[in-house]
Amino acid sequence: MRCMNLALVLLVTILSHAAVATDAARPPNVVFLLADDVGFGDPHCYGHPYSQTPHIDRLAREGTRFTQFYVAGITCCPSRTAFMTSQFPARFASYPAVAGFGDRPTVTELLHRAGYATGHFGKWDIGPDEKPGTYGIDATPPTAPRAGHRHDERGRDAYTYDGAIRFIEQHRDRPFYVNVWGHIAHHPVDPPIAAADRFHDLVVKEADFPEPMRKKFALVRSLGGDVNKAMRNYLGELSLLDDAVGRLLMRLDELGLTENTIVVFTSDHGAPGPEKPPEMKGLGPASRDHARINLVGFNGNHRGGKATMNEGGVRVPFIVRWPGHVPAGRLDETSVTSGIDWLPTMCRLAGVNFNAADVDGEDVADAWLGGVHVRKKPLLWKNNHVKSEIAIRDGDWKLFIPDAKATASRLYDVVADPMESHDVAAKHPAIVRRLTGIVERWNATLPRKYVRDGF
């Protein structure tokens, strides 16, 4: 009997070690949580004095939070284009939201070929064919409301997260990658009363915010709005996004998938700024002003917002969690990373080959895994217009080369001056010349004509 017991123990031990080895060999799952118009400073863990985002904050506690992460586009489609293709959006002569990516490989295609189950739930804005099979995506929701379910008391992103959770449940036994691209906090911000009432006692103290936010409060008042009510509505909406994040994280826990799942939270660009509010096509002036009142997203101590190349438009929150691999509770204030780095970094961590010549981005997994990434390639921004303004960040420097409406380039040290308040171009002509040369060489590789459909 004793020999039988020893044999049983040995068998269990062998099977346990085999299970561990199998798990260790399995590539990580990936859950990509992309918010819409959420500003750098909106999550509580990024410094908002009033927001309540306990589940996003949990990701920060259990993972690494980055403060110099940039998106590569200043509006929805260009930003998503860079995440999917690792191409600067200005490389596409036809607007991808209408024409797609052509023959450019996407992160979902590459992972799909390597055996990943791939899903996409929520906002699309990356081409004409929102259906399974596009870009190697196995699953998209059968009826995907473009603006979310506005009448769901759990918030307009609840439907998106429901679909992503079902996808995870269905593919729990194989590696999976899923885009979970929500609609919050894109306009219109109009949460259920119960969500806004979570902040019913909130009174805004303008001294709690830097100057760009105080300009936004002045805009709210000029439109006939109440700053306190606007903030309650906005934070109520944001809290519903956080609720959805919490449900997804809990399901990963329940399924035993947390340890081998990379979860990333970020935003497609900054919140709208007071200087360039969203156009809101199709709305009359009165409706447009009413909708703008609740757009009080916080871009932190940064100038500008959505649709600008200023820091408030392109620097966004970025959190990575992968237990046992990504350090917990870490703050990386040094590594400069971008949405164009998503594809090469994903491929590296998933063990998937890709052609480095096809990408503009860099593999920044070293920063995710606890190191510091020293960027080799500059970051560049240009709209899909031949005569667009162009911006470049290289090292600590950010240079704006004007469009036809401006006359002089502007240079900022965005590490020392994230508000971009002090133009130091006159003090550093050699840096201006060097960065201008990089921009001119890059611009010469771009289309000479852009198809304007979809703008």
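The search of the whole structure finds three cavities of 30 Å³ or more.

The lining residues (those with an atom within 4 Å of a point) include P212, M213, K216, F298 and H302. By class, this lining has four nonpolar, six polar and two charged residues; Gly counts as polar, and Asp, Glu, Lys and Arg count as charged.

## Basis of the model

Residues are numbered from 1 along each chain as its sequence is written. In this predicted model, local features need pLDDT of at least 70 and side-chain atom pairs count only at pLDDT 80 or more, while totals for chains, interfaces and linings use all residues; side-chain values use heavy atoms, without hydrogens and water.

## Overall form

The protein chain contains 14 helices and 13 strands, taken as DSSP runs of at least four residues (H or I) and at least two (E), respectively. Its radius of gyration is 23 Å, close to the 23 Å that the globule rule (2.2 Å times the number of residues to the power 0.38) gives for 455 residues, so the chain is as compact as a globular protein of that length.

## The sheet

Seven strands form an open sheet of mixed pairing in the order β4-β5-β1-β6-β7-β2-β8; pairing requires at least two DSSP bridges. The edge strands, β4 (117–122) and β8 (330–332), each pair on one side only.

Within the sheet, β1 (residues 29–35) runs parallel to β5 (residues 176–181), joined by five bridges. L34 stands opposite W181 in β5.

How values were computed:
On a 1 Å grid over the protein atoms alone, a cavity is a set of points where a 1.4 Å probe fits but cannot get out, and a pocket is an open set with protein on both sides within 12 Å along at least five of seven lines; lining residues have an atom within 4 Å of a point. Grid points are joined across faces, edges and corners, and a volume is the space filled by probe spheres set on the points.
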